[in-house]
Amino acid sequence: MRNHDPDANPWRTLTRRPVYENPWIRVDHHEVVKPSGDPGIYGLVHFQNHAVGVVPVAADGTTWLVGQYRYPLNRYSWEIPEGGVPAGEDPAAGARRELREETGLTAACMIPIIPRVALSNSVSDEEGTLYVAWDLTEGEAEPDDTEQLRLRRLPLRAALDMALSGEITDSLSLLALLRLPLLLKAADTPADLRAALMKGLE
């Protein structure tokens, strides 16, 4: 009997045809052979950018959420500062830029808290990286022309409660905020960040 590798790809791609493309996404139609051996189709949404999100943490234990109307969902959403980083750009540099543009904050310190996350892996290849930032300097926000933003400064505990209650539904925001209590307990968390997290999550 032939050895079977459980991690091997059971799909076989016969053809790929782009059916739609814009600066942010490309939709491809694939003719495939399914794991069962039968012919099939697969629609794949390729994202042109890498998603990034940042939880900014002030020394007093507060953070900032960004509010905006999300066109695809047809509803308002409170989120951590986040955006897309073009291919070839360092995700950390892009995250710092998004933080500054959406909130006016500049971070002296920033570390990844979730280096890689697949955001909708049944239909898209979109991946993201999440960060926590501290030692912050406030400035003026510079949002894109597609963004009509509101800022809310609140204790970290209040933001975490919004995530736990379902008031926050954005996946990047949920992952990052729910990570914070674990970061507080981690042995390698920088002391000044730990102190701010303790103030905000108590």
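**Sheet pairing, aromatic pairs and salt bridges**

Good morning. Strand 8 and strand 9, the latter covering residues 127–137, are paired in the antiparallel sense, with nine bridges between them. Please bear in mind that this is a predicted model.

I turn now to the aromatic residues. A search of the whole structure finds two aromatic pairs. In one of them, tryptophan 11 and tyrosine 42 are edge-to-face, at 5.3 Å centre to centre and with 80 degrees between the planes. Tryptophan 11 belongs to the segment before strand 1 (12–21) and tyrosine 42 to strand 3 (residues 39–47), so this pair ties together parts that are 31 residues apart in sequence. Tryptophan 11 is partly exposed, at 34% relative accessibility, and tyrosine 42 is also partly exposed, at 30%.

Tyrosine 76 and tryptophan 78 form an aromatic pair as well, edge-to-face, at 5.9 Å centre to centre and with 70 degrees between the planes. Here tyrosine 76 is partly exposed, at 32% relative accessibility, whereas tryptophan 78 is buried, with a relative accessible area of 10%. Tryptophan 78 has a further neighbour: arginine 152 lies over the face of its ring, 4.1 Å from the ring centre.

Finally, the charged residues. How many salt bridges does the structure hold? There are 11 salt bridges. One of them joins the side chains of glutamate 82 and arginine 70, at 3.6 Å from N to O. This pair links distant parts of the chain, with glutamate 82 in strand 7 and arginine 70 in strand 5 (residues 62–70), 12 residues apart. Glutamate 82 is buried, with a relative accessible area of 9%, while arginine 70 is partly exposed, with 26%.

Elsewhere, Glu89, Arg97, Glu98 and Glu101 are linked in a network of salt bridges. Within it, the closest N and O atoms of arginine 97 and glutamate 89 are 2.4 Å apart, and those of glutamate 98 and arginine 97 are 3.9 Å apart. Glutamate 89 is partly exposed, at 28% relative accessibility, but glutamate 98 is buried, with a relative accessible area of 7%. Thank you for your attention.

Technical notes: Residues numbered from 1 in each chain as written. Heavy atoms only, no water. Phe/Tyr/Trp six-rings, centres within 6.5 Å; stacked < 30°, edge-to-face > 60°. Helix = DSSP H or I, 4+ residues; strand = E, 2+ residues; numbered from the N terminus. Buried < 20%, exposed > 50% of the residue type's maximum accessible area, 1.4 Å probe, protein only. Lys NZ or Arg CZ within 6 Å of the ring centre and 35° of its normal. Pairing = 2+ DSSP bridges. Salt bridge = Lys/Arg side-chain N within 4 Å of Asp/Glu carboxyl O.
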